Amino acid sequence: MDKNSDYQKDIESIRELMERSVKFVSLSGLSGILAGCYALIGAAVAYSMIQYPLSPISYRQESVQDIYIIIKSLVIALVVLIVSLSTGYFLASKKATKSGTKVWNSASKKLLVNLAVPLLTGGVFILFLLFYGHFGIAAPACLIFYGLALVNASPNLFDEFRYLGYTEIILGLISTALPGYGLIFWAIGFGVLHIIYGAMMFKKYDR
Amino acid sequence: MKNPFENLDKVMEHRVRLQIISVLVANDSYDFNALKELLDVTDGNLATHLKALEREKYISISKSFVDRKPNTRYKVTERGRTAFKKHLDAMEELIKQQRK
């Protein structure tokens, strides 16, 4: 019956609209994979600077205490962050143009606010940690606050981001218990996890 | 058994109105321009349907100024939310019945 398929179409359009009005669907999985690669490169550069003769997994209990090394690592982390965000924005606007929508819409604005609250809190908190010399837990704190930000913003993102958030939080807590291994956990959290989840999302949403 | 057609909401039988309500149910509030962009309809068309929903008290309106430009935000009312749910249930019921 004709009327029947009409209702079905109505229900489909509702479901699609409700999702599209809340979720930032232009995000590309590829940007996750690339962000992960940048993070791994950044971690490799930091490793060559900080620990080089030592193996990255050799047993250590103390963390780096040299402020110059900390500043250099901070600069590397910032470069990774900026390059990742620009790549993400570029790919998202490409995807949006392709599907005839805009990157900057109601959903992406909400996403930004929901991400910003935990991220800015974490950023300020970590700056204070560094200022008072608690270098060992700065890297775990990055992972924890990033994870919290993803969980907080997950209604505006694809469902996978919630699990990525949980994983980052757990990883950050494990890393807190093992000071001195911050860099390797950082590389797993921002590098490996982004590549894995990015690939999953690329497979699911970008084709 | 009662005829499920009776449970369909006359106001929401128009697709654009149904779409507006569904967006408002999923979000706290939505403004006119964002709705227009999302639904891909003209100003006049959207305004007419919003008026119809407002008349039924399915949505509420708040006007304010952002950067000195007028900004109109829409919210779904409890009445609208209940009506939306009832309408969806009726549609599902109809589909189920006709599959048999």
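In this predicted model, Leu150(A) is in contact with Phe161(A), Leu164(A), Gly165(A) and Glu168(A), once its neighbours within four places in sequence are left aside. Leu150(A) also belongs to the largest nonpolar core, which has 38 residues, and it is listed with Cys142(A), Leu143(A), Phe185(A), Trp186(A) and Ala187(A) as the residues that touch the most other members. Two or more residues of this core come from each of the helices H2 (29-50), H4 (106-131), H5 (138-153), H6 (160-177) and H7 (182-205) of chain A, and H5(A) gives the most, with 12 residues.

A second, separate core holds 21 residues, including Leu24(B), Ala34(B), Leu53(B) and Phe84(B). In soluble globular proteins, nonpolar side chains tend to be buried together.

Leu24(B) leads on to helix H1 of chain B, where the buried residues are Arg17(B), Leu18(B), Gln19(B), Ile20(B), Ile21(B), Ser22(B), Val23(B) and Leu24(B).

Turning to the contact between the chains, 15 residues of chain B and 16 residues of chain A take part. On the side of chain B that touches chain A, two or more residues come from each of H1, helix H2 (32-39) and helix H4 (78-99) of chain B, with H1(B) providing the largest share, six residues. By class, this side of chain B comprises nine nonpolar, four polar and two charged residues.

Technical notes. Residues are numbered from 1 along each chain as its sequence is written. Chains are lettered from A and ligands numbered from 1 in the order in which they are written. This is a predicted model: local features need pLDDT of at least 70, side-chain atom pairs count only at pLDDT 80 or more; totals for chains, interfaces and linings use all residues. A residue is buried if 20 or more other C-beta atoms lie within 10 Å of its own, exposed if 12 or fewer, and partly exposed in between; C-beta atoms are placed from the backbone. Helices (H or I, at least four residues) and strands (E, at least two) are DSSP runs, numbered from the N terminus. Two residues are in contact if their C-beta atoms, placed from the backbone, lie within 7 Å. Ala, Val, Leu, Ile, Met, Phe, Trp, Tyr, Cys and Pro count as nonpolar, Asp, Glu, Lys and Arg as charged, and the others, Gly among them, as polar. A nonpolar core is a set of buried Ala, Val, Leu, Ile, Met, Phe, Trp, Tyr and Cys residues joined through C-beta atoms within 7 Å.
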